[in-house]
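My notes follow in the order I looked things up.

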Amino acid sequence: MSRDLSPKSLLGVAGAVATAVACFLPWSLYAGFPGKMLNTGFPGGARMYVLLLALAAGAVLLLDPPGRVRGLRAASVWALVISLLTALLIGYAGGGLGNVAAGAWIAVAGSAALTASAYLLDASSDRDRRVWSLPDADWRMPAEIVITLAMAGLALYVFVVGLGIPTSNVASGPDHTFRDAISLNDVTNGSEFLAFLFGIIGLFLVAGRIGLTASLGAITQRRRPALVTGATLAAIAFPFTQDGSPYALRIAASIGVFAAAAVGLNVVVGLAGLLDLGYIAFFGVGAYFAAIYSGSTTSPIHVHLPFFLVIVLGALVAAVFGFVLGAPTLRLRGDYLAIVTLGFGEIFRISVNNLDGQSGPSLTNGPNGISNIPDLGLPGGFSFGDNHHLFGVPLPFQANYFFLEIVLVAAVMVAFLRLSDSRIGRAWVAIREDELAAAATGINTTRLKLLAFGLGATLAGAAGTVDAHVVKVAAPDSFTFIESTLLLAAVILGGMGTVPGALLGASVVYLLPEQLRFLHDLRLLVFGLVLILMMRLRPEGLVPSKRRQREFRERDDKSGALDPPPGAHA
C-alpha cells in the first residue's frame, strides 16, 4: 500500500474515483454522439480510455510502485486531455456546451483534481524504477511464455481497434457541418480515434514510468522464441479479424512494405549512423524494375519475368545504385552526406519523370508511370488477385499480399538481426559512435560504410518490387523527398538499431495520416504535432536499443508528465 496517505494523495484518490464513476454516466445530450448518451452498461470510446487511465492512476496511488508520482502525472494529464477534449467536441458539434451531460463535466473535474494531486506530490521522493521479475520458481518459465504470448495478442488487439475506428467522411446531415468543411461524422468518428490515440499514449507512459515496460521487455528478451511465435501468429491472425474488409488489409499490406523498407534504412541509419535522405530512390529502383518486367500493358519493355527472379534482380540493381552512390560520397560525413543523398533522391525522381520518350528514352513512361501492373501468380495457377474463403472467413485478394508481406518482413528481419550480431554489425556501431576511434582500431570505415549503403539499398529494392504489385503502379510522385523523411521518421520514432522499433515506427507513421483523414487539410499539421509530442515523450524511441536507453538514462526528469522518462531499463 501507499506510504503516503496525506491530503494530497487523498485528493488524488477522490479524483480517480470521481473520474471512474463519471465514465458510467452519460456524457452527451446530443444525438450526434449516441455512444455517449448511454447511462447503463460498460463505457466505450472516450469513456473507456478515461476509465482505464483513472484506474491506472488509482492503482499507482495505492500500490506505491517505483516512479509513483511520475506515473500518476502521466495518467492524470492524459485523462484530463481526453475528457476535456471530448466535452468540447460534443459542445461544438451540438451547437453549445449545454449539450454536454453531467458525466463529462464530472470526468473533467475528477481528472483535474487527480492532476492537481499529481503535481502537488513531490516527484523527487520517487524511488528509482527497477525491472520487475517473477519469483524464481518452477512456474516462472511457463508464466513468462504466457506473458510474452499475451503481449503479442495485446499488440494485435490494439492494432485492430485503432485500424477499425471509422474516420472517413460518411454522408452528414445538411445542417451540421464544421466551419472548416469538417462534417459532423468527422467530429464523432475523429473524437473516438483521438481518444484512442491519447489513451494509448497515456497508458504507455504510465507503464514506462513505473518500470512495467522495461520489465515486460526483459521478459520478452528472455523468451525470444515465444515472442517470435506470438508475433507470427498475431500477424497471420490479423486478416481473420477484418471480416473481409479490403481497405483494412490494403492498409496492412502497405504497412508491411513500408516496414520492410524501414528495417533496411535501419541498417544505414541505425547501425552505421549514416544520414540518408534519398533512401526512397532505392525503393523506387526496385519498384520500377518490377513494373517494367511485370508484363504490364503500359510497360515499354514487353518482357514478363517470374516474380522470384524479379525480386532478386530488383534488389541487385538497387544494390548497384547504392554502391555507385556510395563510392564517391562516403568520405563525406554528417550534413554533407545528407545533402548528397538528398540530391540523389531528387535526381532519381526527375530522371524517371523524364524518361518518357520525348526528353529521353522511353523506359518509365515519364510522369504517367507504369500502371496496370498484373497480380502476382505462383506455379500451379495460384493468383494473388483471387479472393478466398478460409475457415468460413472471407479473405479478399489483399490478404494474399498481406501474407506475402509477412514473408518479406520476416526475411528482412532475419537479415538485419544476423548483420547486427555479426562482426560487421559491431564495426558499424563503432563507426556510428566515433568514426575516428573506429579507424584508429583498424576498421576500414569507408569500405564498411559502402557495404552498409549497398545492403540497405538491397533491402529497399526488394521491398520496392513487392510494392509495385501491391499498389499496381510505379510513378515518380510515389518516390518524393517526403517519402524518405517518413521512412527516416519511422526509424527514429521506433528506435534506431532495433527491429521491433522499425516495425512499430513504420506502423505509426503510415497509419496515423490515414486515420487522421477526418481533419482534411489539417491532418498533416496534426500528424506533425503528434510526432513532435511522441519524440518529446520518448526521445530514445518507442522500442529503443540498450545503448540508446543508456544514453538517455541520466536525462533530467523533474518537469512531470510531459518530460521524457530517464530510460531506466534493463
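**Entry 1: A101**

I started with A101, which I found in the loop between α3 (68–94) and α4 (102–120). I kept in mind that the model is a predicted one. Is A101 buried or exposed? I looked up its relative accessibility, which is 5%, so A101 counts as buried; the cut-off for buried is under 20%. Next I listed its contacts, leaving aside neighbours within four places in sequence, and found P26, W27, S28 and L29. I also checked A101 against I90, 11 residues apart along the chain, and the two C-alpha atoms are separated by 9.3 Å.

**Entry 2: the whole protein**

I then stepped back to the protein as a whole. I noted 20 helices and four strands. The protein has 570 residues, and 51% of these count as buried. For contacts with a separation of 6 or more, I read that 75% are accounted for by residues 24 or more positions apart.

**Entry 3: helix α12**

Helix α12 covers residues 334–354, which is 21 residues. From its first C-alpha to its last I read 31 Å, close to the 30 Å expected at 1.5 Å a residue.

Which residues of α12 are buried? I wrote down L337, A338, T341, F344, G345, F348 and V352. They cover an arc of only 120° around the axis, so they sit on the same side of α12. I reminded myself of the general rule: an α-helix has 3.6 residues a turn, so residues three or four places apart point the same way.

I turned to the face of α12 directed away from its buried side, and there I found the exposed residues D335, Y336, I339 and I347. What do the buried residues of α12 pack against? I found α10 (280–292), α11 (307–329) and α16 (445–471).

**Entry 4: T445**

As α16 had come up, I looked at T445, which is found in that helix. T445 has 10% relative accessibility, so I put it down as buried. Not counting residues up to four places away in sequence, T445 touches I431, E435, A438 and A439.

**Entry 5: the second largest pocket**

I moved on to the second largest pocket and noted a volume of about 780 Å³. The pocket is lined by 29 residues, and the closest to its centre are F258, S478, E483, L486 and Y510. Which helices supply at least two residues each to the lining? My list reads α9 (246–271), α10, α16, α17 (481–494), α18 (499–515) and α19 (523–537). Both α10 and α16 were already in my notes as packing partners of the buried residues of α12.

**Entry 6: two positive phi angles**

Last, I looked up backbone angles. D243 has a positive phi of about 55°, although it is not a glycine. I located D243 in the loop between α8 (224–237) and α9. Its relative accessibility is 65%, so D243 counts as exposed; the cut-off for exposed is over 50%.

N365 is not a glycine either, and I read a positive phi of about 65° for it. Where does N365 lie? I found N365 in the loop between α12 and β1 (377–378).

Conventions: Residues numbered from 1 in each chain as written. Predicted model: local features only at pLDDT ≥ 70, side-chain atom pairs only at ≥ 80, totals over all residues. Heavy atoms only, no water. Expected span 1.5 Å × (residues − 1). Buried < 20%, exposed > 50% of the residue type's maximum accessible area, 1.4 Å probe, protein only. Arc of directions from axis to C-beta. Contact = heavy atoms within 4.5 Å. 1 Å grid on protein atoms, 1.4 Å probe; cavity = no way out; pocket = protein on both sides within 12 Å on 5 of 7 lines; lining within 4 Å. Points joined across faces, edges and corners; volume = space filled by probe spheres on them.
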